[in-house]
Amino acid sequence: MSSAPVSEAVQAFAQLTRNRKSKVKSSSREWQYLSAMLQDHQALFEQSQLSQNISRQLKVTLKNSSTSVTTILSLGLGSLQVTREQTRRLKQLTILLSLRDTLRQVSGKQIGIYAQDPTFTRTDETFLNSLGISILRTPSGSDLGEAAAIICPSTLIYSPFLTLEAYEQLLFNAATPVQFFVGDDFNALLKKWPKHSAERAQVERVMKSGLSRYRRRAVDGEGFWKEQDGTFPMAVYGWVDGGERRREKAKI
Ligand SMILES: C[S@@+](CC[C@H](N)C(=O)[O-])C[C@H]1O[C@@H](n2cnc3c(N)ncnc32)[C@H](O)[C@@H]1O
């Protein structure tokens with residue numbers, strides 16, 4: 001029997017092992033890099049005015065509601081492996097983790113985090129898992145996917161820069177109305193799009209039909225975002241229930 005096929009098989013196996021080892025090495029390097037960057041952003045965020053403002057606005061929103069939050073659902077964080085958008089997305093992840101800390105502080109209870117984005121890679125998913133974040137899946141952007149089952153009155157949605165299409169799904173088609181979300185400031189979004197554009201009409205539709213029962217609290221503040229991050233204004237939204245409506249009417 002010839003030894004050639006055996007040696008080819010051995011060589012192929014050795015090559016496969018080398019490829020696997022180098023894949024494992026490069027994904028563990030990527031992990032270490034993401035962790036180091038995240039820690040830097042967290043240190044910066046803790047010192048920032050923005051951090052204090054988000055925490056304050058979230059606490060006021062919760063105080064005005066009869067519902068408490070037990071779960072955060074992050075929609076549209078995007079892949080952390082896209083070089084051009086990486087800093088903005090890691091900073092958005094920093095804010096997500098800080099929301100968990102604030103909610104934990106307010107309730108004294110553990111807060112679960114779920115994240116869904118159809119563009120997450122395997123590395124994104126294992127990295128997010130390592131931070132205690134569970135991954136949900138959707139077949140497409142126009143579908144709420146597994147996230148639909150997570151939405152209940154005690155879910156806070158975190159949606160930085162989520163597509164308008166997905167916002168429509170969230171605000172018009174979710175089986176249970178969303179009580180709280182921290183995401184794009186729609187008043188600023190309205191100004192972003194030119195009059196008569198399709199996007200502006202979409203923003204107006206969401207504001208009129210989807211957001212009319214929410215109280216918006218804009219959040220800004222120095223010390224975290226940089227011009228080159230290309231971020232967009234954010235706000236905390238809380239569903240205005242009967243109690244708050246009556247209190248607001250009484251103030252007028
Ligand atoms: C404009 S990108 C923003 C990504 C990132 N937050 C950023 O600032 O770069 C919108 C994101 O929403 C995600 N998306 C769209 N539909 C979604 C859905 N149904 N569930 C979760 N994510 C969705 C897209 O995959 C995309 O990553």
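1. Helices H2 and H3 are oblique to each other, because they pack at an angle of about 45 degrees; angles under 35 degrees count as roughly parallel, over 145 as roughly antiparallel, 65 to 115 as roughly perpendicular and the rest as oblique. H2 covers residues 49–63 and H3 residues 86–107, and their axes are 10 Å apart. Axes are lines fitted to C-alpha atoms, for helices over the stretch in contact, and angles run from 0 to 180 degrees between N-to-C directions. Helices (H or I, at least four residues) and strands (E, at least two) are DSSP runs, numbered from the N terminus.

2. This is a predicted model, in which local features need pLDDT of at least 70 and side-chain atom pairs count only at pLDDT 80 or more, while totals for chains, interfaces and linings use all residues. Residues are numbered from 1 along each chain as its sequence is written, and side-chain values use heavy atoms, with hydrogens and water left out.

3. On the H2 side, the contact with H3 (heavy atoms within 4.5 Å) is made by Leu50, Ile54, Ser55, Leu58, Lys59 and Leu62. H3 contributes Ile95, Leu99, Thr102, Leu103, Gln105 and Val106. Eight of the contact residues are nonpolar, three polar and one charged. Here Ala, Val, Leu, Ile, Met, Phe, Trp, Tyr, Cys and Pro count as nonpolar, Asp, Glu, Lys and Arg as charged, and the others, Gly among them, as polar.

4. Threonine 61 also belongs to H2. Its relative accessible area is 4%, so threonine 61 is buried (under 20% relative accessible area; exposed is over 50%, partly exposed in between, with a 1.4 Å probe and protein chains only). Not counting residues up to four places away in sequence, threonine 61 touches Phe180, Arg217, Val236, Tyr237 and Gly238.

5. Strand E7 (residues 234–239) has five of its six residues buried, so the rest of the structure largely encloses E7. Strand E5 (residues 180–184) runs antiparallel to E7 and is joined to E7 by five bridges; two strands pair if DSSP finds at least two bridges between them. Strand E6 (residues 214–219) pairs with E7 over six bridges, again in the antiparallel sense. Valine 236 in E7 stands opposite valine 182 and also opposite arginine 217.

6. Arginine 200 sits in helix H7 (residues 198–210). With a relative accessible area of 17%, arginine 200 is buried. Leaving aside neighbours within four places in sequence, the contacts of arginine 200 are Leu190, Trp193, Pro194 and Lys195.

7. In helix H4 (residues 122–130), the buried residues include Asp124, Glu125 and Phe127.
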